[in-house]
Amino acid sequence: MKTATLSHQTEAEVWLRILHPDRELPPRVARAILSLSFPEADVVQMHELSAKARAGTLTPEEDALMDNFERVGSILSILKSKARQVLKRPSRSA
């Protein structure tokens, strides 16, 4: 019996497969992605968590929350980079 081998995959790798990096992202979708951002309350909370992390006073729950914010921020950065690349390309319409 053959056993499936599980390879370690990051969340970003999974998102990139969902977004089909081999296909063109429509410009309207790219613009929508570029408009995405964290709500102000989350930005404030991230700054507070960052200060606690620098001070070495994060609780395990806060550390997990900080990890979540970091992963989402990384994925958002990748998505925005892809969107900017799409919008930089010359228009294919004549």
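Colleague: Where is the place of Glu62?

Modeller: Glu62 sits in helix 4. Helices here are DSSP runs of H or I with at least four residues, numbered from the N terminus; strands are E runs of at least two. This is a predicted model, where local features need pLDDT of at least 70, side-chain atom pairs count only at pLDDT 80 or more, and totals for chains, interfaces and linings use all residues. Residues are numbered from 1 along each chain as its sequence is written, and side-chain values use heavy atoms, with hydrogens and water left out.

Colleague: What makes Glu62 count as buried or exposed?

Modeller: Its relative accessible area is 18%. Buried means under 20%, exposed over 50%, and partly exposed in between, with a 1.4 Å probe and protein chains only. At 18%, Glu62 therefore counts as buried.

Colleague: And how is Lys52 classed, buried or partly exposed?

Modeller: Lys52 has a relative accessible area of 30%, so it is partly exposed.

Colleague: Why is the pairing of Glu62 with Lys52 called a salt bridge?

Modeller: The term asks for a side-chain nitrogen of Lys or Arg within 4 Å of a carboxyl oxygen of Asp or Glu. The closest N and O atoms of Glu62 and Lys52 are 2.7 Å apart. That meets the cut-off, so the name applies. One salt bridge turns up in a search of the whole structure.

Colleague: What does the pair tie together?

Modeller: Glu62 belongs to helix 4 and Lys52 to helix 3, so the pair ties together parts that are 10 residues apart in sequence.

Colleague: Which residues is Glu62 in contact with, leaving aside neighbours within four places in sequence?

Modeller: Leu49, Lys52 and Thr57. Contact means heavy atoms within 4.5 Å.

Colleague: Which residues make up the largest nonpolar core?

Modeller: There are seven: Leu25, Ala30, Ile33, Ile75, Leu79, Ala83 and Val86. Helix 4 gives the most, with four residues. A nonpolar core is a set of buried Ala, Val, Leu, Ile, Met, Phe, Trp, Tyr and Cys residues joined through side-chain atoms within 4.5 Å.

Colleague: How do you know that Ile33 is buried?

Modeller: Ile33 has a relative accessible area of 9%. That is under 20%, so the label holds. Ile33 is found in helix 2. Leaving aside residues up to four places away in sequence, Ile33 touches Leu25, Leu79, Lys80 and Ala83. Ile33 and Ser77 are 44 residues apart along the chain, with 9.9 Å between their C-alpha atoms.

Colleague: Where is Leu25 found?

Modeller: In the loop between helix 1 and helix 2.

Colleague: What makes Leu25 buried?

Modeller: Its relative accessible area is 7%. The cut-off is under 20%, so Leu25 is buried. Leu25 touches Ala30, Ile33, Lys82, Ala83 and Val86, not counting residues up to four places away in sequence. Leu25 and Val86 lie 61 residues apart in sequence, yet 6.6 Å apart C-alpha to C-alpha.

Colleague: How many helices and strands does the whole protein have?

Modeller: Four helices and zero strands. Along the sequence the pattern reads α-α-α-α. Of the 94 residues, 18% count as buried. Take the contacts between residues at least 6 apart in sequence: 72% join residues at least 24 apart.

Colleague: Where in the protein is confidence lowest, and where highest?

Modeller: Helix 1 (residues 11–18) is lowest, at a mean of 74, and helix 3 (residues 40–55) is highest, at 97. These are pLDDT values, the predictor's confidence in each residue from 0 to 100. The protein averages 85, and 83% of the residues score at least 70. Where pLDDT is low, the predicted coordinates should not be read in detail.
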